[in-house]
Amino acid sequence: MTDTTVHEVVLRHLSTPTELHVTEGTRGAPAVGQAMIRVEATGISFAERSMRRGRYPGQPAFPFVPGYDLVGTVLGVGAAADDDLVGQRVAVATKTGGWATHAVVDVHDVVPVPDGVEAADAETMIVNGITAWQMLHRSARVRRGGTVLVHGASGGVGTVLVQLATHAGIRVIGTAAPRNHDALRQLGVEPVDYATPDLVGAVRALAPDGVDAVFDHVGIESMRRSWSLLARGGALVAYGTATELESDRSVASVFAELIGRIALWTVLPNGRRASFYDFWGGKRLRPAAFRKRQHQDLAAVLGLLAEGAIVPAVAARFPLEEISSAVELAESGTIRGKVVLVP
C-alpha cells in the first residue's frame with residue numbers, strides 16, 4: 001500500500017470542544033504485523049474528555065489523535081499478517097487514534113464484528129462492553145440471583161453493564177437522572193435518583209441486606225457510601241473518579257488516595273472486598289494473556305449484541321467534521337448512551 005490521505009482530529013494542547021477541528025494528514029503503509037483500517041465508527045467517551053483536560057493517567061504527550069476505540073474495514077496488512085483480514089469488518093480498542101478516517105493498528109488487537117451488526121452499534125460495545133463484562137464477571141464475579149448497584153446506569157458503560165447483569169439473572173439497582181428512569185425500567189433496572197440527598201437510604205430501602213456488588217466511577221466520597229452498602233462477601237469495583245475531572249488536585253494524588261483507600265478496605269476483616277478496574281491492566285507484563293482475555297470478552301459481548309440479547313445505546317451519530325458539536329453533546333450530561341462519530 002502507498003501512503004493514505006487521512007482526515008483526523010489532532011489534540012494539540014489542552015482544549016475546549018470549540019477548539020477541535022478536522023485536519024488532513026497521511027498514514028504510511030502498515031508495517032510488519034499491522035493493519036490499515038478504514039474507520040466506520042469511533043466513539044466519544046469519558047477518556048477523551050479527560051485527555052482533553054490532561055487528566056487521563058498515562059495519556060500520550062500532545063499532539064496526538066484521540067479516539068479510544070473504533071470499528072472499520074481492513075484495507076491492507078503489512079508483512080507477517082494474515083491476508084484474509086483484508087475486507088473484514090473489525091473492532092479495535094486503540095486508546096488513541098480513533099478520531100480519523102483511517103487508522104493503523106496491530107493485527108493482534110482486531111476482533112471480527114458479526115455479520116449484520118451495524119458499525120455504530122458495535123462501536124458502543126468495544127471499550128464499554130469489555131469494561132462492563134470484565135467488571136461483572138471477572139472482578140465482582142456476581143452469581144445469578146445476586147443484586148448489584150450500578151452508578152451512572154444510563155451512561156456508556158452503565159447501559160451495557162445493566163444489560164449484561166440482567167441477562168445473567170442478576171437484579172440491578174441503578175442510579176441515574178430521573179429523565180432516564182423509564183428507559184432503565186425497560187431494561188429491567190430499579191432506578192434511583194443519583195442526586196437524592198439520602199442515596200444510601202434509597203438503596204437500602206430496595207436492598208435492606210446490602211448488595212453483592214457496586215460499580216462506581218463517581219469518586220472517592222461516592223465509593224465510601226458504596227462500600228457501606230455492600231453485603232457480607234460483596235465487592236466494590238471502582239473504575240474512575242469522574243468528580244475529580246475539574247479538580248485542582250493532580251491526577252497522581254487523586255489515584256494515590258483512591259488506591260490507598262481500596263488497599264485499606266481490602267485488608268479489613270469483614271468479608272467484603274474492593275478493587276480498581278484497569279482496562280489496560282496486564283498488557284505490558286502479559287500481553288498474550290491480556291489480548292486473549294480482551295478478545296474473548298469482546299467476542300462474547302458482540303455475540304450477545306448480534307443475538308439481540310442486549311441492545312446498543314447510540315445517543316447520536318455525527319460526521320467527523322462536526323467534532324465540536326459531537327463533543328459538546330457527549331459532555332452535556334443530557335443523553336443516554338454514547339455519541340458515535342461516523343467518519
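This is a predicted model: local features need pLDDT of at least 70, side-chain atom pairs count only at pLDDT 80 or more; totals for chains, interfaces and linings use all residues.
Local features need pLDDT of at least 70 and side-chain atom pairs count only at pLDDT 80 or more, while totals for chains, interfaces and linings use all residues. Residues are numbered from 1 along each chain as its sequence is written, and side-chain values use heavy atoms, with hydrogens and water left out.

View 1. Helices (H or I, at least four residues) and strands (E, at least two) are DSSP runs, numbered from the N terminus. Arg-52 counts as buried because its relative accessibility is 5% (buried is under 20% relative accessible area, exposed over 50%, partly exposed in between; 1.4 Å probe, protein chains only). Its side chain reaches the backbone oxygen of Ser-15 at 2.5 Å. Beyond neighbours within four places in sequence, the contacts (heavy atoms within 4.5 Å) of Arg-52 include Leu-11, His-13, Pro-17, Val-327 and Glu-331.

**View 2. Buried residues of helix α10 (residues 323–330).** Ile-323, Ser-324, Ala-326 and Val-327 are the buried residues of this helix. They lie on the same side of α10, because they cover an arc of only 165 degrees around the axis (taken from the directions from the helix axis to the C-beta atoms). The buried residues of α10 pack against α1 and the strands β1 (4–9), β3 (34–44), β14 (314–318) and β15 (338–341).

**View 3. Val-267 in helix α8 (residues 251–267).** With 62% relative accessibility, Val-267 counts as exposed.

Terms used: A polar contact is a pair of N or O atoms within 3.5 Å; within protein, one must be able to donate a hydrogen and the other to accept it, and residues adjacent in sequence count only if both atoms are side-chain atoms.
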